[in-house]
Amino acid sequence: MKGLRSKLWLWITLASVVYVFQNAHAAVPGNASEATQVSWDAPHNPNPFIPGYYADASVLQTAKETFVYATEDPWGGRTLGCWRSTDLEHWRWCSLNWPTKEAATSPTSGDSMIWAPSVIAKNGRYYMYVSVGSEVWVGIADWPTGPWKNALGSKPLIPGNYRPGYHMIDAEVFLDTDGQAYLYWGSGLHWVNGHCFVVKLKPDMVTFDGEPRDVTPGHYFEAPFMYKHGGRYFLMYSEGKTTDSTYNVRYAVGSSPLGPFREGVNSPLLVSDPANSILGPGHHAIFARGGKSYIVYHRHSLPFDSSSVRRQLCMDELKFGPDGEPQKIVPTHLGPALLRQTPRDAGALPVTATASSSLDAVHDAKRVTDDNYATRWIPAAAEKEAWLQLDLHRVMQPSRTEIRFEYAWKPYRFKLLASLDGRRWTSVEDHNSTGEVGSPVTITGLPRARYLRLVFPAAETPVSIFEWNAY
């Protein structure tokens, strides 16, 4: 198996080098500082900026918070991932009541799970356009976290058979500066390029205002995103296979949100950088903040595993040149300055992490204190009762501890123990019966201790942790 994976990795790497060489102009940095890179597993890397495996993100900003809605990997779940933050550096997972596979189904639904949300605020409410069963559904709520409900009752906005031969997914809503809303959608099938459709929406946000138009630009596969800048309309989208390094972001330009569109001179904007362990960037969203534009996109988790599609969310700045065209984006592990205003683990106690075992050197116990969501600890596969321990280096009383498990939505069973000397242990909390979900899982009311230990039973959910801190 290791030999096969090595060969697959070599093949993917060679394919990536060929692809990037063919698109070499896409990887040229705008200036020297943009070219600065660090190793993907270096401590304190801000990218990925959310712990876990997510794709196809949508960004919603309110006066106080920023929300990110995204597909759960691998290949979608029975609901969506949702994260919220007040500073874009510290993110907390939130549970959504909708969409679910059961609530959003119709006679034309397929077996596909829940993918690619797009969320917008209008009319004092929030609207979500999301792919469920390879068709587009609309949800409505009074708050970004819900409760959400089907806006059209038991039917989708765009049924799966709306345009036979094309994939009716990846709906993206765009609100123009005059208040008019537009909806874009469409994808190819079997990794063959698809078609992009657009339609005006009536003020109710759930009714088409006229017939949809086919505005497919060159090299279009899926994931349309409309962004307006300098009075021009930039239809951005993805091409290639999201399962490998060919996935990329392209764009086309028009003078109207309804087109026609010509492919941009700097397309593709964002491509793989295998030399820096950045593979398959795409299906993005763009938001503006402080007079700057930022792109949120997914790329493959590391170390790359060709047998599993697990993507993570990253962010970099999107700049426009004097000609008004978006400039080539250099994907980074450091991310933009927006993600580096303060250390993400500021206030955490200096600790040393050890474990009963580790799967390998890449997944060592020290990874849980490196402030890097690309790395994680995994115990040895054969271990029946694994434990992970923090040495606080002196006896003290921490105010809290925060655990970021691999999957925020999966229940993890564990006990938290404390010790003054590393020999005699007392139970602080026991979550063995029902498990605990969330990220971070926060525990307060800690006793005086020098050591904290998490003990995991042999469970149906294998344990794996991105970060564990004490404060």
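**Sheets and cysteines in a predicted model**

Modeller: This is a predicted model. In it, strand β11 (residues 197–201) pairs with β12 in the antiparallel sense, over two bridges.

Biologist: OK, and what is the bridge partner of Phe 197 in β12?

Modeller: Asp 214 is the bridge partner of Phe 197 there.

Biologist: What's the strand order in that sheet?

Modeller: The order is β9-β10-β11-β12, an open sheet of four strands with antiparallel pairing.

Biologist: Is Cys 314 buried or exposed?

Modeller: Cys 314 is buried, with a relative accessible area of 0%. Cys 94 is buried too, at 8%; the cut-off for buried is under 20%.

Biologist: Back to sheets. What about the one with β22?

Modeller: That's an open sheet of three strands, in the order β25-β22-β27, and the pairing is antiparallel. The edges are β25 (441–444) and β27 (465–470); each has a single partner strand, so one side of each lacks a neighbour in the sheet.

Biologist: By how many degrees are neighbouring strands turned against each other?

Modeller: On average by 10°, direction ignored.

Biologist: And how many bridges pair β22 with β25?

Modeller: Four, in the antiparallel sense, with β22 covering residues 400–405. Arg 400, for example, has Thr 444 in β25 as its bridge partner.

Terms used:
Residues numbered from 1 in each chain as written. Predicted model: local features only at pLDDT ≥ 70, side-chain atom pairs only at ≥ 80, totals over all residues. Heavy atoms only, no water. Pairing = 2+ DSSP bridges. Buried < 20%, exposed > 50% of the residue type's maximum accessible area, 1.4 Å probe, protein only. Axes fitted to C-alpha atoms, helices over the stretch in contact; angles between N-to-C directions.
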